[in-house]
Amino acid sequence: MGEPPIEIRRLGEGDSIEKVTELLNEAYRKHLEEGLRYVASWQDEAITRRRMIDSECWVALIDGELVGTITLKPPERAGGHPFYDRPDVAIFTQLAVSPAHQHHGLGGKLIDRVEERAREMGAAQIACDTAQSAKALLEWYTHRGYRIVGTANWETTNYRSYLLSKRL
């Protein structure tokens, strides 16, 4: 029979911010248990909404169940770091896949979608950031063609981050 189909689409008005927030908290819980305080591991609905402002939130569903999410900020809205301020750089944040669906390619499909969308927006590069100590994530991004382009020390986390970018 095979795997059920995955639907990837923009977050709609009828979608639940509460469920997106719960998914983010659940997906990032393992990082929190490892001592990395990613915002997604503890954020509430108000923060989820705020992080979606001027962005496109994409969701992944299997049989109508929310199993993944990613947020894309277009080049003119990215900001927050000199590299992100560049007019040719889009960024993605809040990539999350429910633990039951991790390691099956869903995160890659979400990134593929926002890379395609960033191209449509006219971005020449897409960027993200993650903890310097998150070795498995860094290897995964590198395997996908991302390279380290800088560092940051965000006020909302307890770790230094690498900024990663990929030419589109």
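**Burial, contacts and pockets in a predicted model**

Mentor: Ser-161 belongs to strand β7, which covers residues 161–167. The model is a predicted one.

Trainee: Why is Ser-161 called buried?

Mentor: Buried requires a relative accessible area under 20%. Ser-161 has 0%, so it is buried.

Trainee: Which residues does Ser-161 touch, not counting those up to four places away in sequence?

Mentor: Contact requires heavy atoms within 4.5 Å. With that sequence limit, Ser-161 touches Asp-129, Thr-130, Ala-131, Gln-132, Gly-150, Thr-151, Ala-152 and Trp-154.

Trainee: Ala-131 is on that list. Where is Ala-131 found, and what makes it count as buried?

Mentor: Ala-131 is part of strand β5. Its relative accessibility is 0%, under the 20% limit, and therefore it counts as buried.

Trainee: What does Ala-131 touch, not counting residues up to four places away in sequence?

Mentor: Its partners are Leu-36, Tyr-38, Leu-138, Tyr-159, Arg-160 and Ser-161. There is also a C-alpha separation to note: Ala-131 and Leu-163, 32 residues apart along the chain, have C-alpha atoms 9.0 Å from each other.

Trainee: What separates the C-alpha atoms of Arg-37 and Ala-131?

Mentor: The separation is 9.4 Å, for residues 94 apart along the chain. Arg-37 itself lies in the loop between α1 and α2.

Trainee: Turning to helix α2, which of its residues are buried?

Mentor: In α2, residues 45–52, the buried residues include Ile-47, Thr-48 and Met-52.

Trainee: How do you know that they are on the same side of α2?

Mentor: They cover an arc of only 135° around the axis, which puts them on the same side of α2. An α-helix has 3.6 residues a turn, so residues three or four places apart point the same way. On the other side of α2, Arg-49 and Arg-50 are exposed.

Trainee: What do the buried residues of α2 pack against?

Mentor: They pack against α1 (17–33) and β2 (56–62).

Trainee: What makes Asp-44 a cap of the N-terminal end of α2?

Mentor: A side-chain oxygen of Asp-44 lies 3.2 Å from the backbone nitrogen of Ala-46. The limit for a polar contact is 3.5 Å, so the pair qualifies. After α2 comes Asp-54, with a positive phi near 60°.

Trainee: Why is His-103 called exposed?

Mentor: His-103 has 77% relative accessibility, which is over 50%, so it counts as exposed. His-103 lies in the loop between β4 and α3, and has a positive phi of about 70° although it is not a glycine.

Trainee: Ser-98 lies in the loop between β4 and α3. What makes it count as buried?

Mentor: Its relative accessibility is 7%, under 20%, and therefore Ser-98 counts as buried. Leaving aside neighbours within four places in sequence, Ser-98 is in contact with Leu-23, Glu-26 and Val-67.

Trainee: How much space lies in the largest pocket, and which lining residues are closest to its centre?

Mentor: About 1300 Å³ lies in the largest pocket. Of its 47 lining residues, Tyr-28, Tyr-38, Gln-94, Leu-95 and Asp-129 are the closest to the centre.

Trainee: Which element gives the most to the lining of the largest pocket?

Mentor: β4 does, with 7 residues. Elements that each supply at least two lining residues include α1, α2, β4 (89–97), α3 (106–120), β5 (125–131) and α4 (135–143). By class, the lining of the largest pocket has 24 nonpolar, 16 polar and 7 charged residues.

Trainee: What volume has the second largest pocket, and how is its lining divided by class?

Mentor: Its volume is about 200 Å³. The lining of the second largest pocket has 6 nonpolar, 3 polar and 2 charged residues; Glu-3, Pro-4, Ile-62, His-101 and Lys-109 are among them.

Conventions:
Residues numbered from 1 in each chain as written. Predicted model: local features only at pLDDT ≥ 70, side-chain atom pairs only at ≥ 80, totals over all residues. Heavy atoms only, no water. Buried < 20%, exposed > 50% of the residue type's maximum accessible area, 1.4 Å probe, protein only. Helix = DSSP H or I, 4+ residues; strand = E, 2+ residues; numbered from the N terminus. Arc of directions from axis to C-beta. Polar contact = N/O pair within 3.5 Å; in protein donor to acceptor, adjacent residues only side chain to side chain. 1 Å grid on protein atoms, 1.4 Å probe; cavity = no way out; pocket = protein on both sides within 12 Å on 5 of 7 lines; lining within 4 Å. Points joined across faces, edges and corners; volume = space filled by probe spheres on them. Nonpolar A, V, L, I, M, F, W, Y, C, P; charged D, E, K, R; others polar.
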